[in-house]
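Visitor: Could you take me through the aromatic side chains of this model and one patch on its surface?

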Amino acid sequence: MPFESILYRHAGEERARFWEQPAYFKDLNLDQVLSSILQGKEEFSLEGLYRTPLLREEDIRYRQDILKDMGKDPALREALRRFAAGIYKLGGSVSEIRLEMEKGGYAYDNYLQKGRLLLRFQKYCALVKGMAEEFARRGVLSEGLQNFSAY
């Protein structure tokens, strides 16, 4: 099966997210757990992801298997964290460069900006290559991480 999403087995089946906290969250102290998980990550608006229930057993197992791989291998978990942080940082700097190029009216003439953009894409390639090497070294078991690795 080709890779579509790390969150959903079939990306086309993604549902609308629940943004309001369900009543049972407070009863089970899930509000505190979620608060702890999301601390420092407010800019990503992940609340809806955690509040939206998965309805099919296969989707639940898909995510659980990914978490099992990460739970068994702290080095894999750290590699994924570094990869995600690196991609996030690169995305921001690429956006800045593009805005500067467009704002200046010389989007196609400025070799310095193009060089900065090229450097960011080289860093992107290095991040992807490093993550692929981590996956190969670790031999992940979950369908989600195997598909992500193949992608």
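This is a predicted model: local features need pLDDT of at least 70, side-chain atom pairs count only at pLDDT 80 or more; totals for chains, interfaces and linings use all residues.

Guide: Residues are numbered from 1 along each chain as its sequence is written, and side-chain values use heavy atoms, with hydrogens and water left out.

Visitor: Why is the pair of phenylalanine 135 and phenylalanine 148 classed as it is?

Guide: Rings of Phe, Tyr and Trp (its six-membered ring) pair if their centres lie within 6.5 Å, and planes under 30 degrees apart count as stacked, over 60 as edge-to-face and the rest as tilted. The structure holds 4 aromatic pairs. In the one between phenylalanine 135 and phenylalanine 148, the centres are 5.7 Å apart and the planes stand at 85°, so the pair is edge-to-face.

Visitor: Is phenylalanine 135 buried or exposed?

Guide: Buried means under 20% relative accessible area, exposed over 50%, and partly exposed in between (1.4 Å probe, protein chains only). Phenylalanine 135 has 4% relative accessibility, and therefore counts as buried.

Visitor: Which residue lies over the face of tyrosine 8?

Guide: A charge sits over a ring if NZ of Lys or CZ of Arg is within 6 Å of the ring centre and within 35 degrees of the ring normal. At 4.9 Å from the ring centre of tyrosine 8, the residue over its face is arginine 63.

Visitor: Which residues form one aromatic cluster?

Guide: One aromatic cluster is formed by Phe83, Phe135 and Phe148.
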